[in-house]
Amino acid sequence: MYELFSPRPPSLGPTMVNPHDSSTPPSSISPASKVVLYSNWQSSCSWRVRFALNLKGIPYEYKAVDLAKGEHLTPEFEKLNPLHLVPVLVDGDFVVSDSYAILMYLEEKYPENALLPVDLRLRALNLQKLIEEKVGPEERLSWAQYNIDKGFIALEKLLKNSSGKYATGDKIYMADVFLAPQIAIAARRFNMDMSKYPTLGMIFESCKALSEFEASLPERQPDAIHCLLLPPSIGFRGKGIVVCSKVKCLKL
């Protein structure tokens with residue numbers, strides 16, 4: 001759903017203008033209006049939008065939203081998104097939330113470096129909701145792995161006849177923008193063995209090699225937490241703990 005507001009967007013956290021300019025292609029677009037992304041480094045939905053912006057070569061200002069401090073619940077942020085969720089994209093006076101809606105808006109507004117193929121069948125495949133966000137870090141590992149496995153097996157079958165280097169051929173499109181962050185999270189956070197899913201593994205390796213993907217990584221964002229890694233055997237619980245892949249880390 002697109003949401004239009006007129007107020008000037010609030011400033012909520014650290015601000016950086018496209019913090020990875022070195023990875024931006026020379027043919028970058030220069031929007032007439034300033035593009036601002038309200039993001040959180042740990043949000044997979046924000047991750048896919050960062051990846052898409054990088055692929056399309058759109059310079060943007062990164063505004064961090066600290067979810068732990070409740071910045072998404074403030075009246076200022078509610079003016080941007082009454083649902084209190086990230087990501088939110090501001091393009092001039094236009095505000096749009098929800099990663100899928102944001103990507104569709106970007107595709108229409110900035111058609112260069114298209115993320116949807118011309119072929120209608122491949123276009124339809126890209127527009128399918130390939131990944132459902134049904135698991136989070138608080139879920140039991142076995143339950144999460146079971147559900148991810150079911151989804152990945154289905155994706156292997158769905159993409160078997162359409163994939164090339166990427167999900168729907170040898171060019172990167174929107175399906176890859178959705179898939180790559182989720183595969184990364186499945187492998188890192190939920191210890192999924194990607195050798196069981198050769199098609200998805202190949203797609204992820206292709207995306208991982210791109211500088212645009214590297215620049216979109218959570219740990220490369222200005223609001224990323226620097227952590228002190230603790231062994232998994234240490235069952236520490238308390239304020240400031242963030243669960244990462246294979247380790248627990250303590251916010252410094």
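Which residues form one aromatic cluster with Trp47? Keep that one in mind; the exercises below work up to it.

**Ground rules**

The model is predicted, so local features need pLDDT of at least 70 and side-chain atom pairs count only at pLDDT 80 or more, while totals for chains, interfaces and linings use all residues. Residues are numbered from 1 along each chain as its sequence is written, and side-chain values use heavy atoms, with hydrogens and water left out.

**Exercise 1. Get an overview of the protein and its confidence.**

Step 1: start with pLDDT, the predictor's confidence in each residue, from 0 to 100. Its mean is 81, and 73% of the residues reach 70 or more.

Step 2: Over residues 19-27 pLDDT stays under 50, and the model has 12 contacts beyond four places in sequence for them; contact means heavy atoms within 4.5 Å. Residues 228-252 also stay under 50, with 39 such contacts.

Step 3: tally the elements. There are eight helices and nine strands; helices (H or I, at least four residues) and strands (E, at least two) are DSSP runs, numbered from the N terminus.

Step 4: look at burial and surface. Of the 252 residues, 48% are buried, where buried means under 20% relative accessible area, exposed over 50% and partly exposed in between (1.4 Å probe, protein chains only). The accessible surface comes to about 12900 Å², and 57% of that belongs to carbon and sulfur atoms; the areas come from the Shrake-Rupley method with a 1.4 Å probe, and for residues only the protein chains shown count as cover.

Step 5: check the contact range. Among contacts with a separation of 6 or more, 70% join residues 24 or more positions apart.

**Exercise 2. Work out what Glu156 and Asn81 do with their polar side-chain atoms.**

Step 1: the criterion. A polar contact is a pair of N or O atoms within 3.5 Å; within protein, one must be able to donate a hydrogen and the other to accept it, and residues adjacent in sequence count only if both atoms are side-chain atoms.

Step 2: Glu156 is in helix α5 and is buried, at 12% relative accessible area. A polar atom of its side chain lies 2.8 Å from the backbone nitrogen of Leu200.

Step 3: Asn81 sits in the loop between α2 (75-80) and β5 (88-91) and is buried, at 2%. Its side chain reaches the backbone oxygen of Leu85 at 3.0 Å.

**Exercise 3. Classify the ring pair Phe51–Phe213 and settle the opening question.**

Step 1: rings of Phe, Tyr and Trp (its six-membered ring) pair if their centres lie within 6.5 Å; planes under 30 degrees apart count as stacked, over 60 as edge-to-face and the rest as tilted.

Step 2: the whole structure holds seven aromatic pairs. For Phe51 and Phe213, the centres are 5.1 Å apart and the planes at 70°, so call it edge-to-face.

Step 3: Phe51 lies in helix α1 and Phe213 in helix α8, so the pair ties together parts 162 residues apart in sequence. Phe51 is buried at 0% relative accessibility, and Phe213 is buried at 2%.

Step 4: back to the start. Trp47 forms one aromatic cluster with Phe51, Phe204 and Phe213.
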